[in-house]
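Subject: A structure to look at, with notes

Hello,

I am passing on the structure we talked about, and I would be grateful if you read the notes below with it open beside you.

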Amino acid sequence: MLAGGVAFLIGSILNGVAMNIGVLIFGRLLLGVGVGFANQSVPVYLSEMAPASIRGALNIGFQMAITIGILAAGLINYGTAKIEGGWGWRLSLVLAVFPAVVMTAGSYLLPDTPNSILERGQPEKARQMLQKVRGTQHVDAEFQDLLDATEAAKKVDHPWTNILQPRYRPQLVLCIVIPFFQQLTGINVVMFYAPVLFKTLGFGDDASLMSAVISGIVNVLATMVSIYSVDKFGRRVLFLEGGAQMFLFQIAIGTMIAVRFGVNGDGELSRWDANILLLFICAYVAAFAWSWGPLGWLVPSEICPLEIRSAGQGINVAINMIFTFIIGQVFLSMLCHMKFGLFFFFAGFVVIMTVFVYYFLPETKNVPIEEINQVWKQHWFWGKYILDEALIGLSRNDEGRDT
């Protein structure tokens with residue numbers, strides 16, 4: 001997190017003072033480095049620090065911060081675009097210094113997780129940190145789980161090689177498939193159409209602002225729903241409900257555009273039609289924001305054992321960024337060729353990912369992060385990959401039940 005914050009800080013300064021395109025690109029690359037470091041470290045940090053009962057809610061705080069940042073960025077860009085003299089873009093970019101300073105200073109002040117402290121051979125300090133973050137002295141069972149996980153992790157010299165072993169097949173598949181599916185929900189398609197829709201609604205030159213504000217507000221509110229419900233109803237419920245809702249409203253959006261504009265794109269929306277389409281878009285964005293948006297980061301960060309956790313999260317981030325890039329490159333060409341059919345294309349992927357979750361993603365609600373292998377072992381398909389010696393905490397839980 002500290003390295004990511006420093007990269008953000010240097011990149012935002014360079015972007016603000018850039019005198020040529022080369023410096024601007026280099027600064028932007030540093031911002032990309034910051035995004036990569038933050039996406040790799042923050043979800044794992046939150047999952048390791050949080051108690052099992054509220055791990056989902058705390059981890060989704062990461063997504064909440066992202067949605068608030070998107071909303072703030074839209075408002076800032078709108079304001080700085082009105083600055084006369086042609087220097088507003090510099091102010092917009094250099095304002096990233098402020099969150100960069102917060103991230104850098106905050107990561108310097110934050111303590112390491114008990115897992116990380118144990119990995120560096122300081123068990124007593126790790127116990128004290130666990131007692132501090134849990135607010136109780138009675139942490140013996142959880143601390144023993146951490147010790148067992150650390151001992152298992154020490155036997156693994158190369159996590160990037162070991163994650164390819166059959167025993168880690170469930171984690172590897174999920175860390176690839178979840179970010180892949182997240183980018184194929186079609187959220188970028190809907191967000192692309194939003195400015196055009198808002199102009200149709202009569203917002204004129206303020207269409208981009210209204211697009212950012214309305215979608216941003218929906219994003220924030222729906223993420224709050226996810227924070228409230230993820231540890232109450234579970235990950236699977238949100239995935240399945242969100243998938244069903246996204247499918248229905250993508251079909252509704254595509255059908256409405258097809259009826260009004262046809263294959264040739266000739267037609268127009270009445271004000272009533274535009275309002276209905278706006279409602280469909282908000283319902284779709286909300287479904288994404290309380291399901292695949294936050295859960296795409298939460299689930300990969302909590303399913304990997306300590307010995308491959310860094311590799312698993314690294315794969316998750318890399319796949320996410322790769323397909324963000326690919327979709328960004330091919331989206332306009334697909335839109336020109338497929339038109340309203342693009343909504344049906346992504347709706348098909350939503351069906352596939354929802355069926356996948358139903359059959360292949362077990363529930364991890366309220367399960368301590370170091371005991372996730374017990375969930376995999378009980379799964380109808382993944383259970384055959386999990387070795388008995390990987391079931392940390394199982395014997396103690398059995399003893400507790402017997403007692």
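The notes go from the overall fold to the cores and then to the salt bridges.

Please keep in mind that this is a predicted model, in which local features need pLDDT of at least 70 and side-chain atom pairs count only at pLDDT 80 or more, while totals for chains, interfaces and linings use all residues. Residues are numbered from 1 along each chain as its sequence is written, and side-chain values use heavy atoms, with hydrogens and water left out.

The chain contains 19 helices and zero strands, where helices (H or I, at least four residues) and strands (E, at least two) are DSSP runs numbered from the N terminus. Its C-alpha trace spans about 70 × 50 × 35 Å along the principal axes. Of the 403 residues, 47% are buried; here buried means under 20% relative accessible area, exposed means over 50%, and partly exposed lies in between (1.4 Å probe, protein chains only).

What does the largest nonpolar core look like, and which residues have the most contacts inside it? A nonpolar core is a set of buried Ala, Val, Leu, Ile, Met, Phe, Trp, Tyr and Cys residues joined through side-chain atoms within 4.5 Å, and the largest one has 65 residues, with Leu174 and Trp292 making the most contacts inside it. Helix H14 (residues 271-289) gives the most to this core, namely nine residues. A second, separate core has 10 residues, among them Met49 and Ile117. As background, nonpolar side chains tend to be buried together in soluble globular proteins.

Turning to charged pairs, the whole structure holds 10 salt bridges, each being a side-chain nitrogen of Lys or Arg within 4 Å of a carboxyl oxygen of Asp or Glu. In one of them, the side chains of Glu48 and Arg309 meet at 2.7 Å, N to O. Glu48 belongs to helix H2 (residues 21-49) and Arg309 to helix H16 (residues 309-338), so this pair ties together parts that are 261 residues apart in sequence. Glu48 and Arg309 are both buried.

Another salt bridge joins Asp140 and Arg127 at 2.9 Å, N to O, linking helix H8 (residues 140-154) with helix H7 (residues 123-134). Asp140 counts as exposed because its relative accessibility is 53%, whereas Arg127, at 22%, counts as partly exposed. Finally, Arg55, Asp231, Arg235 and Glu302 are linked in a network of salt bridges.

Best wishes
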